[in-house]
Amino acid sequence: MNAKTADKIATGVIYAIASSVALILVAMLAFILVRGLPHLSWHFLTASARSFEAGGGIGIQLFNSFYLLVLAMLISFPIALGAAIYLNEYAKPSLFISIIRTAIEVMSSLPSVVVGLFGFLIFVVKFHLGFSILSGAIALTFFNLPILTSSIESSLSQIPNLQREAGAALGLSRFETVIHIILPASVPSIVTGVVISAGRVFGEAAALIYTAGQSAPTLDFGDWNPFNLASPLSPFRPAETLAVHIWKINSEGIMPDLSAVSAGASAVLIIVVLLFNFSARRLGMMLYKKLTKS
Amino acid sequence: MDLITEKIKKTSLSTKQDRFGKLISITALILIASVVVLIFGFVISRGLATFTTNKVSLGHFLFGTDWNPSVVNKKTGQPGVGALPLIVGSMAVTFLAALVATPFAIGTAVFMTEVANKRGAKIMQPVIELLVGIPSVVYGVIGLTVVVPTVRAIFGGTGLGILSGTIVLFVMILPTITSMTVDTLKGVPRHYRESALAIGATRWQMIQKVILRAATPGILTAIVFGMARAFGEALAVQMVIGNAANMPNSLVSASATLTSVLTMGIGNTVMGSLQNNVLWSLAMILLLMSLVFNILIRFIGRKGELK
């Protein structure tokens, strides 16, 4: 075959492959949204789920998902930030650091179901926390930590060394440089990373089915005392999230309006995750503009 | 004078702060590393209980084909704890998904970096990012509502099975492999392209004979990453694989994977029983496999460096 013909064929094939990948995405999003959006209503978003009769909603699951996300972020962000600061600002190449880096890499590739099982073993069984928000939040933290750490670390490493030298020249200690110069400068990209990882955490289910549980007891939204089990804020109640709910109703298959609820809930899940992904960059850029006065 | 000497000799406030900050940040780091050690320690110690307390032989576990831990097999007198069907199921979906995804991923990555430079990359970049962002249960729902009925219509049977699992996993690992391949291709120095074109190569010859060659270690790493993701993926696969722990004899009959059995089983067994221990052994296999994938990635990386 002529080299030029081969070139043309190859170019055509490459175009076909790329457009089919784009098509797959568009088709999936359209499928989920077209099937799901008609089922969305205020009632669907706020009512509690029903297992054996039609007309249930996803209110509690939606609340649980956000609450778990907030808790998991509250626990994992400080740890990830500290670890990233050490890795990027203090660490010198050594055996210790390379072992720790390997550990973080290994952790980020652990199957999330194994992370969930570990959470189940330690918190649900050994510490007798039962299926609870707290167990779920900690499992999500394990799931989230390696990704968040490396995303913050790469944000920090994008700040040019000039800034660190400037800090040192002003007589600031390393820590002061980090707090007053490096962190403010990297806030926009850290925020982008945090929001993207929040999207991942929001859609995670495998780590939660045996930690936060698969049941969503009725909540009393008038009671905000975190120590009452019926309170939405209670960290000791079992809490099925939206993603877990979708998995559960599909694998049980006993809900009469299963396909409607499943389609609606998937649409909500996708919309929230897409919102996270879209807003991540926007938010980062907005913060950058505000912080740099440019 | 004494005051000054004293002041100089004393640790200053900012040094103390610095030490404190360093201490806090290294504590966080060690915390993360110890979580990894704990995960491995606990899961492996539980996983080994099958072999130490329940006296199941390793060979029987790894190569037995009868998976039914709650029933004692009449022929052998031992409970059915042969995990081979599950291992084969996991391996099959993983390799098939990687096999299908690789040409798509390489094609898309080449499209983004070599063929349709700026505009193509501008369109495909968000496509890849959105594909990464879609939660795995949503892939599972799409698998159940689209892939499974389609497979059923074409091949008959239930539609559940390795083929459906492969198709779902293919879409799930596609963005992982693609984005890493894009990074590798971007890392190929510009002068490679220029020299290839200067000696009269067509664009395809340049891509095929120079760029892809130079990027081979990176692409292999990307594929292994994708396979690691496919191997550990639980819910999406569990929803479409059929959950029948038979030795898979065709791509369209119901089978099971390590992760699907784990997600279904852990809640229904009593802690410390053989049925439960053997599930932890499956989790241990998953952990060890993810370690193997990691080692493979490092190995490929090192081989690539030597060139």
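Reader: What makes up the domains of chain B?

Author: Chain B is divided into domain 1 (1-47) and domain 2 (84-306), with bounds that come from an automatic or database domain assignment. This is a predicted model, in which local features need pLDDT of at least 70, side-chain atom pairs count only at pLDDT 80 or more, and totals for chains, interfaces and linings use all residues. Residues are numbered from 1 along each chain as its sequence is written, and chains are lettered from A and ligands numbered from 1 in the order in which they are written.

Reader: How many residues of domain 1 of chain B are in contact with domain 2 of chain B?

Author: Contact requires C-beta atoms, placed from the backbone, within 7 Å of each other. By that rule 5 residues of domain 1 of chain B are in contact with 6 residues of domain 2 of chain B. On the domain 1 side, 3 are nonpolar, 1 is polar and 1 is charged (nonpolar: Ala, Val, Leu, Ile, Met, Phe, Trp, Tyr, Cys and Pro; charged: Asp, Glu, Lys and Arg; polar: the others, Gly among them). The C-alpha centres of the two domains lie 39 Å apart.

Reader: What makes B:Lys55 exposed?

Author: B:Lys55 has 9 other C-beta atoms within 10 Å, and is therefore exposed. Phi of B:Lys55, which is not a glycine, is positive, near 55 degrees.

Note on methods:
Buried ≥ 20, exposed ≤ 12 C-beta atoms within 10 Å, placed from the backbone. Contact = placed C-beta atoms within 7 Å.
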